[in-house]
Amino acid sequence: MPFLSDPVQAGDLQLANRIAMAPLTRNRSPNAVPTDLVATYYTQRASAGLIISEATAISHQGQGYADVPGLYAPEQIAGWKKVTSSVHAAGGKIVVQLWHVGRVSHTDLQPGNAAPVAPSAIQAKTKTVLIKDGVPTFTETSVPRALELSELPGIVQDSRRAARAAIDAGFDGVEVHAANGYLIDQFLKTGANQRTDAYGGSIENRARLLLEVVNAITAEIGAGRTGIRLSPVTPANDVVDADPQPLFDYVVRQLGPLGLSYIHVIEGATGGPRDIPDRPFDYNALKAAYRTAGGQGAWMVNNAYDKALAETALANGADIVAFGRPFIANPDLVQRLQKDAPLNEVNRATLYGGGAEGYTDYPALAA
């Protein structure tokens with residue numbers, strides 16, 4: 001039986017342990033440029049087998065929150081180089097999560113104050129974060145416009161370019177963000193996608209953009225450095241699908257032969273309950289569909305895991321367990337799990353925006 005402290009292979013990535021740091025938006029990259037403070041934050045957490053960076057926009061259009069980073073301008077690449085160099089010097093591995101938020105945005109954040117884009121012109125009943133007079137402010141998202149068919153190849157190419165920029169910035173790989181009600185997930189799910197063209201209607205059509213993005217990225221940087229995040233039933237950002245099991249079984253069957261580094265699955269509601277009574281889902285069947293289709297990538301599980309639940313997941317066939325909020329308050333989470341040490345509590349007031357407080361000042365265990 002594998003343990004959290006055991007090494008594991010994820011595609012081209014040899015990881016020192018099976019503990020991943022999940023992507024965590026912290027809103028501390030002014031003008032979408034990671035700072036030296038960001039480098040300190042990730043380096044403090046380099047004992048994770050794999051760090052998955054906070055979600056990072058593939059384009060200005062892909063931005064949806066204030067002060068989140070990007071990978072579409074030279075100064076952003078330079079900022080990320082400081083992060084990756086520091087993490088590697090500390091012995092860590094880090095991939096970037098590539099993001100287009102789609103309709104989960106606001107006109108204040110868009111080029112030319114334009115409307116956000118989406119598969120269909122359906123407003124998300126959710127909020128984004130704007131920073132006004134230095135204060136993070138939760139604000140209703142703007143009404144989006146539907147993407148034209150002619151625009152979709154541009155989304156794919158932005159994803160490809162961002163993946164190349166990630167490697168140029170020193171990342172060990174990328175994670176495609178296809179979860180949590182953002183653009184790719186919006187195309188997947190019936191509640192957000194009411195298109196009648198080749199990207200709407202059938203499961204095959206709704207999964208088309210995801211597969212085009214993944215194929216473009218793997219052609220650019222290699223499948224062994226490419227992972228993907230999925231959230232079959234999360235209600236995050238007002239997203240829902242009428243029948244998620246066959247949809248996601250189809251998606252992973254298509255991903256199986258591609259040779260990806262890993263599949264990262266959020267079980268239940270992101271940051272919430274693992275079981276949603278009105279949205280049952282068989283995650284074992286999902287993994288079986290992936291393996292039957294030839295998928296050999298590492299299977300990463302996520303959502304409300306503690307040490308005991310994580311070890312049970314490994315015993316039941318998971319390869320990696322991602323921890324989110326515990327990594328915010330515990331830069332040395334790996335050591336704390338190994339020693340069964342108590343965990344620091346998260347200061348919720350400092351989660352989004354600000355400086356070092358609640359970001360790089362959480363104490364580590366005494367030596």
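Buried means under 20% relative accessible area, exposed means over 50%, and partly exposed is anything in between (1.4 Å probe, protein chains only). We're working with a predicted model, where local features need pLDDT of at least 70, side-chain atom pairs count only at pLDDT 80 or more, and totals for chains, interfaces and linings use all residues. Residues are numbered from 1 along each chain as its sequence is written, and side-chain values use heavy atoms, with hydrogens and water left out.

**Exercise 1.** Work out how exposed Arg 291 is, and what it pairs with.

Step 1: Arg 291 has 30% relative accessibility, so it counts as partly exposed.
Step 2: Its side chain meets that of Asp 319 in a salt bridge at 3.0 Å, N to O; the term means a side-chain nitrogen of Lys or Arg within 4 Å of a carboxyl oxygen of Asp or Glu.
Step 3: Arg 291 sits in helix α8 (residues 283–292) and Asp 319 in the loop between α9 (307–315) and β14 (320–323), so the pair ties together parts 28 residues apart in sequence. Helices (H or I, at least four residues) and strands (E, at least two) are DSSP runs, numbered from the N terminus.
Step 4: Asp 319, at 18% relative accessible area, is buried.

**Exercise 2.** Sort out the pair Glu 151 and Arg 145.

Step 1: Their side chains form a salt bridge at 2.7 Å, N to O.
Step 2: Glu 151 is partly exposed at 23%, and Arg 145 is partly exposed at 34%.

**Exercise 3.** Find the partner of Asp 332, and say whether the two are buried or exposed.

Step 1: Asp 332 bridges to Arg 336, with the closest N and O atoms 2.8 Å apart.
Step 2: Both Asp 332 and Arg 336 are buried.
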